[in-house]
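Please keep the sequence and the structure in view while reading.

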Amino acid sequence: MSTIAAIATAQAASGLGTIKISGENALTIADSVFSAVSGKKICETPGYRALYGKVHEGETVIDDAVALVFRAPKSYTGEDVVEISCHGGLYILKRVLRAVLNAGAQPAEGGEFTKRAFLNGKMDLSEAEAVMSLISASGEEARAATLNALDGALSREITVCRDRLAVTAAFMAAWVDYPDDEIPELSDTELTTTLAEVKATLTKLLDGFDAGKAILDGVDTAIVGRPNVGKSTLLNALSGTDRAIVTSVAGTTRDVLEETVKVGNVTLRLADTAGIRTDTDDEIEKIGVIRAKERFDRATLVLMVLDAQSPLTDDDRELIKMCNNKNCVIVVNKTDGDILLNIDEIKSLSSSPLAEISAKNHMGLDNLIEIVENVLGTAGFDPSAPLITTERQRSCVLKATENVTEALDAVNMGITADAVNVCIDCAIENLSILTGEKATQTVVDEVFKNFCVGK
């Protein structure tokens, strides 16, 4: 493979920046653009050593720099790697990268360093996927969960399941293929116990997927309700800032206003929408209502706000009906005054959990957050547990679970051992695709195509 290089730090001015070079010619290329004050050559430097000097192109000195040397196979990629750290100005970094490329390196593609780590056996495919999740982690739980995945928690769980299935399949195949060798038959009880336990493990992984995605990726959340019920006040209360304009005039919010906030252990991408009502003649407000409904349709979670100081209206009832097919929390706002809203009627119209708050006075917000976490399944989230983090991983686990279920059904129906083994082999195949041992090049390319350059 060619020697690649890229800026490995953020594309923004900073105190320090790093250009990473990886490949069989990494040391030679680095020597051509870096001169150590000590006179030592990078090619002659052992791994895990740092040299201070100047980075240059020809006779032109670009900057002071430190070169870190990592020798194969004890590097991130498993290849020879040099990291040149210099001042983090964008121009300087691009100038150093240009010198490295002119010296013979090729520009790295997105995720190519991690892809080489996978191809060189430094990590499996599920661990590689955890890299980008760790980079984009937005909270402590997300950081801990993705670091756990990067350390191989999911891989170990999948490997245990796959190995148990493989041992079972091998035993059954030997018994079928060599009937004269007095190999003891695997009893139905032993077989069903193994299959049931593997299925339980895989099902548990599937059950934790939505909560894990909420922790890792955040949740698209729409705040909806008719005009003047306190949607913008709720946005401001949750975000801790006066992000939205709040007045007593109905229809103040004309468009969708978005804000990302940390609520409990999950990140919500909140969208404060225009008040939804049917009796407006204002053309601009009508457009806002259309956009609000579009945002509602896309949302994973809906916070439907009602005014506790006003009786339920037909618009409220229509919104409640719309929310019945969504993950929804009904937020009864303005509970710090006279209550005119019929709570029992709301409960008769919807099974969604209900939170009573005063967004203006920040009353009841802790209870609202607790309810949101329960709805999303993130309450009590255990970041140390194995976690599937991508749709690709979920698909592999789902298919393997279906295969194991088919094997169990086949055993219970008394179908022959070789037919049961076909189902088990399919499960093993899908689990091996998850870890990357049997993934096609198309699958591998798909995993890395959304990685940032430099990682």
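Is Cys323 buried or exposed? Cys323 counts as buried because its relative accessibility is 2%; buried means under 20% relative accessible area, exposed over 50%, and partly exposed in between, with a 1.4 Å probe and protein chains only. The model is predicted, so local features need pLDDT of at least 70 and side-chain atom pairs count only at pLDDT 80 or more, while totals for chains, interfaces and linings use all residues. Residues are numbered from 1 along each chain as its sequence is written, and side-chain values use heavy atoms, with hydrogens and water left out.

**Cysteines and a buried arginine**

A search of the whole structure gives 0 disulfides, a disulfide being a pair of cysteine sulfur atoms within 2.5 Å. For Cys323, the nearest cysteine sulfur belongs to Cys328 and is 3.9 Å away.

| Residue | Relative accessibility |
|---|---|
| Cys323 | 2% |
| Cys396 | 6% |
| Arg116 | 2% |

Arg116 is located in helix H3 (residues 112–119). Helices (H or I, at least four residues) and strands (E, at least two) are DSSP runs, numbered from the N terminus. The side chains of Arg116 and Glu79 are joined by a polar contact of 3.2 Å. A polar contact is a pair of N or O atoms within 3.5 Å; within protein, one must be able to donate a hydrogen and the other to accept it, and residues adjacent in sequence count only if both atoms are side-chain atoms. Beyond its neighbours within four places in sequence, Arg116 is in contact (heavy atoms within 4.5 Å) with residues including Met1, Ser22 and Thr77.

**Helix H16**

Helix H16 (residues 441–448) has the buried residues Val444, Val447 and Phe448. They lie on the same side of H16, because they cover an arc of only 85° around the axis, taken from the directions from the helix axis to the C-beta atoms. These buried residues pack against H3, helix H4 (125–135) and helix H14 (391–412).

**Nonpolar cores**

In soluble globular proteins, nonpolar side chains tend to be buried together. A nonpolar core is a set of buried Ala, Val, Leu, Ile, Met, Phe, Trp, Tyr and Cys residues joined through side-chain atoms within 4.5 Å. The largest nonpolar core has 29 residues, and Leu165 and Val397 are among those that touch the most other members. H14 gives the most to this core, with 8 residues. Apart from it lies another core, of 27 residues, including Val33 and Leu97.
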